[in-house]
Amino acid sequence: MKTIKYLCVYLWLASLAIVSTSSCSSERSNSQQEEIMPADFVVLAEVIPDVIQEIRYHSTYNFVGERVDGYEAPIAIITRQAAEALKGVNEEVMAKGYRLKIFDVYRPQRAVNHFIRWAKEVDNVKMKAYFYPEVPKEELFEREYIMARSGHSRGSTVDLTLFNMQTGKEVDMGGTFDWFGERSHPDFEDITEEQKANRLLLREAMLRHGFKPLDSEWWHFTLADEPYPDTYFDFPIKCY
């Protein structure tokens, strides 16, 4: 009887795996032409198989508090040029005992439009304590935390951190991803020396491989020689 019970559990788990695989296959075959990923974009994990991904806008743990439009799968999509540069970063930090952890890369314009709609809903502050406790929501546009265009939509911008392979945890950067406030500035002084060193470790590795930083977010970098400096894409993030 135990053997039958275990066999049933195995078959149930196997069926879940089949459903998951079929879902991606179905999405590929039903893609509309205007929704297809451009040929020079890639799935990041295909270039860097050991990259860690926590695509926040596919989840509800983000400043909006719900899955964001356009994030149909929790995968990182990026231009091939940026992926190759990021591969060099990953190889460098892995030699020092770290791995890259990705929060966001390519972001469809429809996701940015979702942010804009959310920002206008001034009474919707359910995630305020977690991401913007020091900033009135009605000032998010004025302070440029929310903008009509995002470099992420050009496909060569990445939000990331370091993961310590020895401790099995994210490196302590003295502030969390997507925190709206001065603590997120790369040169913020009111953090420990270790936290400053961690930020510098990530920053210097990214600069060495052709990325440029943002002065308001320690986690945000854009490929300096990005292939689409003036193009904002809107194809969804899904299985291709």
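Is R117 buried, partly exposed or exposed? R117 is partly exposed, with a relative accessible area of 42%; buried means under 20% relative accessible area, exposed over 50%, and partly exposed in between (1.4 Å probe, protein chains only).

The model is predicted: local features need pLDDT of at least 70 and side-chain atom pairs pLDDT 80 or more, while totals for chains, interfaces and linings use all residues. Residues are numbered from 1 along each chain as its sequence is written, and side-chain values use heavy atoms, with hydrogens and water left out.

There are 14 salt bridges in the structure, a salt bridge being a side-chain nitrogen of Lys or Arg within 4 Å of a carboxyl oxygen of Asp or Glu. The table lists some of them.

| Pair | N to O distance |
|---|---|
| D69 and R117 | 2.7 Å |
| R208 and E92 | 2.5 Å |
| E139 and R143 | 2.8 Å |

Helices (H or I, at least four residues) and strands (E, at least two) are DSSP runs, numbered from the N terminus. D69 is partly exposed at 30% relative accessible area.

R208 in helix α6 (residues 193-208) and E92 in helix α3 (residues 80-94) are 116 residues apart. Here R208 is partly exposed at 49%, whereas E92 is buried at 17%.

In the remaining tabulated pair, E139 is partly exposed at 23% and R143 is partly exposed at 40%.
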